Amino acid sequence: MNKTVLGMLIVGVAAFGAVNVESCKSYHGQNWEKAALGKSKIVANMRSTTIEASLKGYKNGTYGGTMTGLMKGQVEKFSDTELTEIAKLIGTK
């Protein structure tokens with residue numbers, strides 16, 4: 001049983017390692033310092049909890065303005081757990 005749990009953990013970590021946010025940087029800047037397409041908030045100025053709520057809101061359709069359609073397509077491929085981890089990686093504490 002312990003080998004099964006360990007195996008699942010390794011697969012989960014490997015899957016998260018495959019999460020790639022480099023394409024996001026082409027819009028938001030290498031350090032998240034740009035307003036994407038001149039319309040978004042500057043991600044570098046946001047807390048990780050706010051980023052998480054925004055990403056999950058884009059995914060489920062409860063958040064966003066003019067960028068909703070574009071962002072929904074970007075985030076729907078990620079699980080909620082992956083979105084949480086992405087937010088922790090790029091947001092302020």
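Predicted model: local features only at pLDDT ≥ 70, side-chain atom pairs only at ≥ 80, totals over all residues.

User: What percentage of the residues of the chain count as buried?
Analyst: A residue is counted as buried when its relative accessible area is under 20%. The chain as a whole exposes about 6,200 Å², of which carbon and sulfur atoms supply 60%. Of its 93 residues, the share that counts as buried is 29%.

User: Which helices give two or more residues to the lining of the largest pocket?
Analyst: About 580 Å³ of space lies in this pocket, and its lining is made up of 31 residues, with His28, Val43, Leu55, Tyr58 and Met71 nearest the centre. By class, the lining has 19 nonpolar, nine polar and three charged residues. The elements that supply two or more of the lining residues are helix H2 (22–28), helix H3 (48–60), helix H4 (68–75) and helix H5 (80–90).

User: Is tryptophan 32 buried or exposed?
Analyst: Tryptophan 32 is placed in the loop between H2 and H3, and has a positive phi of about 60° although it is not a glycine. Its relative accessibility is 9%, and the cut-off for this class is under 20%. Tryptophan 32 therefore counts as buried.

User: Is leucine 37 buried or exposed?
Analyst: Leucine 37 is found in the loop between H2 and H3, and its phi is positive, at about 55°, although the residue is not a glycine. Because its relative accessibility is 52%, and the class requires over 50%, leucine 37 counts as exposed.

User: Which backbone oxygen does the side chain of serine 26 reach?
Analyst: Serine 26 lies in helix H2, and at 51% relative accessibility it counts as exposed. A polar contact needs a pair of N or O atoms within 3.5 Å. The side chain of serine 26 makes its approach at 2.6 Å, and the atom reached is the backbone oxygen of serine 23.

User: What distance separates the C-alpha atoms of serine 26 and alanine 36?
Analyst: Serine 26 belongs to helix H2, and alanine 36 is ten residues apart from serine 26 along the chain. The separation of their C-alpha atoms is 8.6 Å.

Technical notes:
Residues numbered from 1 in each chain as written. Heavy atoms only, no water. 1 Å grid on protein atoms, 1.4 Å probe; cavity = no way out; pocket = protein on both sides within 12 Å on 5 of 7 lines; lining within 4 Å. Points joined across faces, edges and corners; volume = space filled by probe spheres on them. Helix = DSSP H or I, 4+ residues; strand = E, 2+ residues; numbered from the N terminus. Nonpolar A, V, L, I, M, F, W, Y, C, P; charged D, E, K, R; others polar. Buried < 20%, exposed > 50% of the residue type's maximum accessible area, 1.4 Å probe, protein only. Polar contact = N/O pair within 3.5 Å; in protein donor to acceptor, adjacent residues only side chain to side chain. Areas by Shrake-Rupley, 256 points an atom, 1.4 Å probe, with all protein chains shown as cover.
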